[in-house]
Amino acid sequence: MTWLLPAVVAVPVLGAGLSVLVGRRLILQRVISLAAVGFVAVAAIALLVSADSGTTQVAQVGGWAAPAGITLVADRFAAIILTSSAVILLAVLVYAMAQLGRDAVDWWFHAKYLVLTAGVALSLVTGDLFNLFVGFEIMLTASYVLLTVKTGPDEVRATMSYVVINLVASALFLMAIAFVYTTTGTLNLADLSRKMAEIDPAVRAGLSMLTLVVFGIKAAIFPLFMWLPDSYPTAPTPVTAIFAGLLTKVGAFVIIRMQTLLFAQDEPSTLLLFVAGATMVVGVLGAIAQNDVKRILSFHIVSQIGYMIMGLGFLSIAGLAAAILFITHQIIVKTGLFLVGGLVEAEHGTGALDRIGGVLHRRPVIAALFLPLALSLAGLPPFSGFVAKLALIQEGLALDRGVIVAVSLAASLLTLFSMTKIWGGVFWGRETEAEGTAGAGMVGATAVVVALSIGVALFAGPLMALAERAAVDLVDPTVYADLVLGVR
Amino acid sequence: MSLITLAVAATLFAVGTYLILQRMLSRIIIGLGLMSHGANLLIMLSGTGPATPPIVDGSPSPVVADPLPQAMVLTAIVITFGITAFLLALALRSYLLTGSDAVEDDLEDKRIAHSHDRSSMDVQEMSE
């Protein structure tokens, strides 16, 4: 079973190479992509089952024992996020095939998509700070190329700022790696979690802030989010959807990993809670001002990251469990919303609210797909967002953190308001002429994502219990260290 | 020795930051190059410093150099090299499309910022 860990990274990379080798044979490319991403999804589920049954898989690549070698770990937290990411990658792949087959054909889409898959998988399962850097770079480099599928002035402008911001963050990350290595002499996360406790608290606080800034840029938290709504909306829909669903969440995943494993504290972090509240409010206010479906949703990515940081800020089992459930819910719902936005764009050629209307009457199926996702994003019962937000708010009240609870509720209300803005602009109103029809494949893939979101709500009980078991491991850093290095 | 290297790294970061704040992508690329060199220098500093090569003649030496920082810097250089090449292609593309490689502001942002004090007619024109 341990071989699954390197395989979730290696199989997509090999698939990418193979996909280039078969050249312009679309059928073969599609088979390779489906097989590779499908393998990652199955492997992720196997890793999750294994981790949850108490036999967490730890691989030492190359045979060198940790902390000298390259460690890959799929504990419950990593396996949960990897599973939801892989399932969504598969759904968006089907959507992309249905869409790209019809209009702009990009011959190398599949290779890039598989490299992105490998980068996401490596970032999630790595147990080593430098390999985390490599995993992020693989993921981001694939995302740069995917953003410039079309090279019009808009795409070039958006990609410029996206690449520059991410490269600055990478330079800061390298700096953080240098500082960590200087102070502790190791980069293995498990080894670090033992050594971090022994170093000067001031140095530790500095390293904590530096990593928070680095991954704050990647996760788009306040005040480091400006690049996101600028760059995401210009890409083709499947690309934007997968970026929205995965990239920032991987950033949030790493922030949670770092803050619990390396820089653990005993009490709620006021700094993190402040950042969380500001991210929610600024993101949602930005969304209200927009006039384009994809741009509204892009600002909501920022806003929703705030809820994940809020769960982390409590630094308690219940808070972290809620954050884990929230990330899972967001990966699904956010991707689904962008896919619905893409359906609208495919039919009307634009996502501008003031240029479309009446979709409810012309294509009720699109409205039926949008509604559960929108209500879930706002956190209305009985949808998946409600379960995660309820857990967050209960924990906030239990810890007597009333301000952040009030802020999060207000942000949810404003989220609902901006969703009604999309509803009123796109689905109600005067019917506009459609330029085309979204294919059955696109609608079907979106429907699967909606079904997954409803599934999260239906199975909220078992999922919450799983998230709680994952959070118990997170709160006690020695669990992770003992898994990788053996019990001391 | 390491103080000089540290000062060089700090200077590279300072100059890099200044260049990144420019509008022209070609300058930003040079700035990013300098900044990542600064980061690479810092990683080099994180090792144990000059000593005997660890595996050349096989005989164990009491003081061996730490090979890990070199390996990390090599990886980092390769990654930065690839992304710099991509950015240069982007700068060229921008030059071919618009005659300049300036990183422009977001048009939609400007449109929304101005929409409160203009009629919808003007807004429509600006977006064209």
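Two residues are in contact if their C-beta atoms, placed from the backbone, lie within 7 Å. By that rule, the contact between the two chains takes 29 residues from chain A and 29 residues from chain B. Please keep in mind that this is a predicted model.

**Where the chains meet**

- On the side of chain A that touches chain B, helix 5 (129–147) and helix 6 (153–184) of chain A each supply at least two residues.
- Helix 6 of chain A gives the largest share of that side, 17 residues.
- Sorted by class, the side of chain A that touches chain B has 17 nonpolar, seven polar and five charged residues.

**The largest nonpolar core**

- The largest nonpolar core has 220 residues, and the members that touch the most others are A:Leu82, A:Val125, A:Ile177 and A:Ile324.
- Leaving aside residues up to four places away in sequence, A:Leu82 touches A:Ala44, A:Leu47, A:Ala74, A:Ala121, A:Leu124 and A:Val125.
- Two of these names will come up again: A:Val125 belongs to the contact of helix 1 with helix 4 of chain A, and A:Ile324 belongs to the contact of helix 13 with helix 19 of chain A.

**Helix 1 and helix 4 of chain A**

- Helix 1 (residues 4–21) and helix 4 (residues 109–125) of chain A pack at an angle of about 165°, and their axes are 8 Å apart.
- Angles over 145 degrees count as roughly antiparallel, so helix 1 and helix 4 of chain A are roughly antiparallel to each other.
- The crossing of helix 1 and helix 4 of chain A is left-handed.
- From helix 1 of chain A, the contact uses A:Leu5, A:Val8, A:Val9, A:Pro12, A:Val13, A:Gly15, A:Ala16, A:Ser19 and A:Val20.
- Helix 4 of chain A answers with A:His110, A:Ala111, A:Leu114, A:Val115, A:Thr117, A:Ala118, A:Ala121, A:Leu122 and A:Val125.
- The residues of this contact between helix 1 and helix 4 of chain A comprise 14 nonpolar, four polar and no charged.

**Helix 13 and helix 19 of chain A**

- Helix 13 and helix 19 (residues 460–475) of chain A cross at roughly 125°, and their axes come within 8 Å.
- That angle makes helix 13 of chain A oblique to helix 19 of chain A.
- Helix 13 of chain A passes helix 19 of chain A in a right-handed crossing.
- On the helix 13 side of chain A, the contact is made by A:Ile317, A:Leu320, A:Ala321, A:Ile324 and A:Leu325.
- Among the residues that helix 19 of chain A brings are A:Leu463, A:Met464, A:Ala467 and A:Glu468.
- By class, the contact of helix 13 with helix 19 of chain A has 13 nonpolar, no polar and one charged residues.

**Backbone details in the loops of chain A**

- The loop between helix 8 (201–219) and helix 9 (227–231) of chain A holds A:Pro223, and the peptide bond from A:Phe222 to A:Pro223 is cis, with omega near -5°.
- A:Ala220 is placed in the loop between helix 8 and helix 9 of chain A too; A:Ala220 is not a glycine, yet has a positive phi of about 60°.
- A:Ala220 has 25 other C-beta atoms within 10 Å and is therefore buried.
- Another cis peptide bond joins A:Pro381 and A:Pro382, where omega is about 5°.
- A:Pro382 sits in the loop between helix 15 (364–378) and helix 16 (384–398) of chain A.
- A:Leu315 lies in the loop between helix 12 (293–314) and helix 13 (317–348) of chain A, and has a positive phi of about 50° although it is not a glycine.
- A:Leu315 counts as buried because 21 C-beta neighbours lie inside 10 Å.

**A look at chain B**

- Chain B has five helices and zero strands, and its elements run α-α-α-α-α from the N terminus on.
- Of the 128 residues of chain B, 27% count as buried.
- Among contacts in chain B between residues at least 6 apart in sequence, 47% join residues at least 24 apart.
- B:Ser100 is found in the loop between helix 3 (68–98) and helix 4 (107–114) of chain B.
- With 13 other C-beta atoms within 10 Å, B:Ser100 is partly exposed.
- B:Ser100 and B:Leu25 are 75 residues apart in sequence, while their C-alpha atoms are 9.1 Å apart in space.

Notes: Residues are numbered from 1 along each chain as its sequence is written. Chains are lettered from A and ligands numbered from 1 in the order in which they are written. This is a predicted model: local features need pLDDT of at least 70, side-chain atom pairs count only at pLDDT 80 or more; totals for chains, interfaces and linings use all residues. A nonpolar core is a set of buried Ala, Val, Leu, Ile, Met, Phe, Trp, Tyr and Cys residues joined through C-beta atoms within 7 Å. A residue is buried if 20 or more other C-beta atoms lie within 10 Å of its own, exposed if 12 or fewer, and partly exposed in between; C-beta atoms are placed from the backbone. Axes are lines fitted to C-alpha atoms, for helices over the stretch in contact, and angles run from 0 to 180 degrees between N-to-C directions. Helices (H or I, at least four residues) and strands (E, at least two) are DSSP runs, numbered from the N terminus. Angles under 35 degrees count as roughly parallel, over 145 as roughly antiparallel, 65 to 115 as roughly perpendicular and the rest as oblique. A crossing is left-handed if the near helix is turned anticlockwise from the far one by less than a right angle, and right-handed if clockwise. Ala, Val, Leu, Ile, Met, Phe, Trp, Tyr, Cys and Pro count as nonpolar, Asp, Glu, Lys and Arg as charged, and the others, Gly among them, as polar.
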